[in-house]
Amino acid sequence: MLKDNSLQIWQEEWDTGTTGRRTHHFLPTVSTKMSTNTSINYFVTGHGPFPAYLHRFNVKETDNCLCGEIGTPDHYLFS
């Protein structure tokens with residue numbers, strides 16, 4: 001009963017939160033199971049070796065991909 005109640009509260013907070021919306025788009029339901037696939041985690045969260053992400057933290061001078069477009073996870077997957 002405690003687990004179910006905790007998951008319900010977590011889901012409500014996840015649905016109404018203001019951060020993590022990209023991740024919420026791909027994973028709308030909370031779960032105690034975690035993915036061990038690093039590449040999938042990078043794509044879903046948008047955190048990882050992407051120029052746009054690294055540029056936010058001044059690790060990279062520009063947020064552009066080598067092709068000149070913004071280096072986001074979606075760019076690498078769909079372009």
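Arg 22 is partly exposed, at 25% relative accessibility (buried is under 20% relative accessible area, exposed over 50%, partly exposed in between; 1.4 Å probe, protein chains only). The model is predicted, so that local features need pLDDT of at least 70 and side-chain atom pairs count only at pLDDT 80 or more, while totals for chains, interfaces and linings use all residues. Residues are numbered from 1 along each chain as its sequence is written, and side-chain values use heavy atoms, with hydrogens and water left out.

One salt bridge is counted, defined as a side-chain nitrogen of Lys or Arg within 4 Å of a carboxyl oxygen of Asp or Glu. The partners are Arg 22 and Asp 74, whose closest N and O atoms are 3.1 Å apart. Arg 22 belongs to helix H2 (residues 21-26) and Asp 74 to helix H5 (residues 73-78), so the pair joins distant parts of the chain, 52 residues apart (helices are DSSP runs of H or I, at least four residues, numbered from the N terminus). Asp 74 is also partly exposed, with a relative accessible area of 29%.

The largest pocket has a volume of about 450 Å³. On a 1 Å grid over the protein atoms alone, a pocket is an open set of points where a 1.4 Å probe fits, with protein on both sides within 12 Å along at least five of seven lines; lining residues have an atom within 4 Å of a point. The volume is the space filled by probe spheres set on the points, which are joined across faces, edges and corners. Of the 14 lining residues, Thr 23, Leu 27, Ser 31, Lys 33 and Met 34 are the closest to the pocket centre. Helix H3 gives the most to the lining, with four residues.

Terms used: Helices (H or I, at least four residues) and strands (E, at least two) are DSSP runs, numbered from the N terminus.
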